[in-house]
Amino acid sequence: MYSFVVTNICTNMNERERVLAIKGGDHQAFIDLYNEYWSQVYDLSRLYIATIADAEEIVQDVFVKLWESRHLLKEDENIKGFLFIVTRNIVFNKNKKLLAIYQRYQKDTEKENQSIITGDAKGIK
């Protein structure tokens with residue numbers, strides 16, 4: 001995972017000021033926030049996601065979601081809490097999709113195995 005290499009001019013902001021800056025579209029405040037929290041979002045993702053690539057994708061999705069919904073932030077928003085709730089939701093949704101794929105695969109495999117056992121498989125007479 002890479003962090004942005006930019007001079008931190010917003011590091012002296014308190015949480016409220018940073019939220020207001022991000023809400024106003026301040027890219028530097030957003031970059032500073034990313035640099036501060038990306039590793040924590042990544043670590044949380046890795047608790048539930050097996051691959052590094054998927055965890056990195058989740059980090060990207062979380063921060064894209066933050067940027068796209070920045071206008072909805074409240075002045076007193078707990079950014080860390082917001083990031084972890086978004087991370088949790090994305091992880092759970094991804095796992096739900098993976099579980100559905102696995103269950104569908106397992107069901108198809110069972111049908112194929114049953115067909116082979118009973119001789120109903122295509123090409124078997």
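This is a predicted model: local features need pLDDT of at least 70, side-chain atom pairs count only at pLDDT 80 or more; totals for chains, interfaces and linings use all residues.

A: Glutamate 77 sits in the loop between helix 3 and helix 4. Its relative accessibility is 21%, so glutamate 77 counts as partly exposed; buried would require under 20%. Leaving aside residues up to four places away in sequence, glutamate 77 touches Glu15, Val19 and Phe82. Arginine 18 is 59 residues away from glutamate 77 along the chain, yet their C-alpha atoms are separated by 10.0 Å.

Now the core. The largest nonpolar core holds 26 residues. Val62, Phe63, Leu66 and Leu83 have the most contacts inside it. Helix 1 (15–23), helix 2, helix 3 (52–68) and helix 4 (79–118) each give two or more residues to this core. Helix 2 gives the most, with eight residues. In soluble globular proteins, nonpolar side chains tend to be buried together.

At the start of helix 2, a side-chain oxygen of aspartate 26 comes to within 2.9 Å of the backbone nitrogen of glutamine 28.

Next, phenylalanine 63. Not counting residues up to four places away in sequence, phenylalanine 63 touches Phe30, Leu33, Tyr34, Tyr37, Trp38, Val41 and Leu83.

Then the rings. The whole structure has five aromatic pairs. In one of them, the rings of phenylalanine 30 and phenylalanine 63 have centres 6.2 Å apart and planes at 80 degrees, so the pair is edge-to-face. Phenylalanine 30 lies in helix 2 and phenylalanine 63 in helix 3, so the pair ties together parts 33 residues apart in sequence. Both phenylalanine 30 and phenylalanine 63 are buried.

Tyrosine 48 and phenylalanine 92 form another edge-to-face pair, because their planes are at 80 degrees, with ring centres 6.2 Å apart. Tyrosine 48 belongs to helix 2 and phenylalanine 92 to helix 4, so this pair ties together parts 44 residues apart in sequence. Tyrosine 48 is partly exposed, with a relative accessible area of 45%. Phenylalanine 92 is partly exposed too, at 41%.

One aromatic cluster is formed by Phe30, Tyr34, Phe63 and Trp67.

Terms used. Residues are numbered from 1 along each chain as its sequence is written. Side-chain values use heavy atoms; hydrogens and water are left out. A polar contact is a pair of N or O atoms within 3.5 Å; within protein, one must be able to donate a hydrogen and the other to accept it, and residues adjacent in sequence count only if both atoms are side-chain atoms. Helices (H or I, at least four residues) and strands (E, at least two) are DSSP runs, numbered from the N terminus. A nonpolar core is a set of buried Ala, Val, Leu, Ile, Met, Phe, Trp, Tyr and Cys residues joined through side-chain atoms within 4.5 Å. Buried means under 20% relative accessible area, exposed over 50%, partly exposed in between (1.4 Å probe, protein chains only). Contact means heavy atoms within 4.5 Å. Rings of Phe, Tyr and Trp (its six-membered ring) pair if their centres lie within 6.5 Å; planes under 30 degrees apart count as stacked, over 60 as edge-to-face and the rest as tilted.
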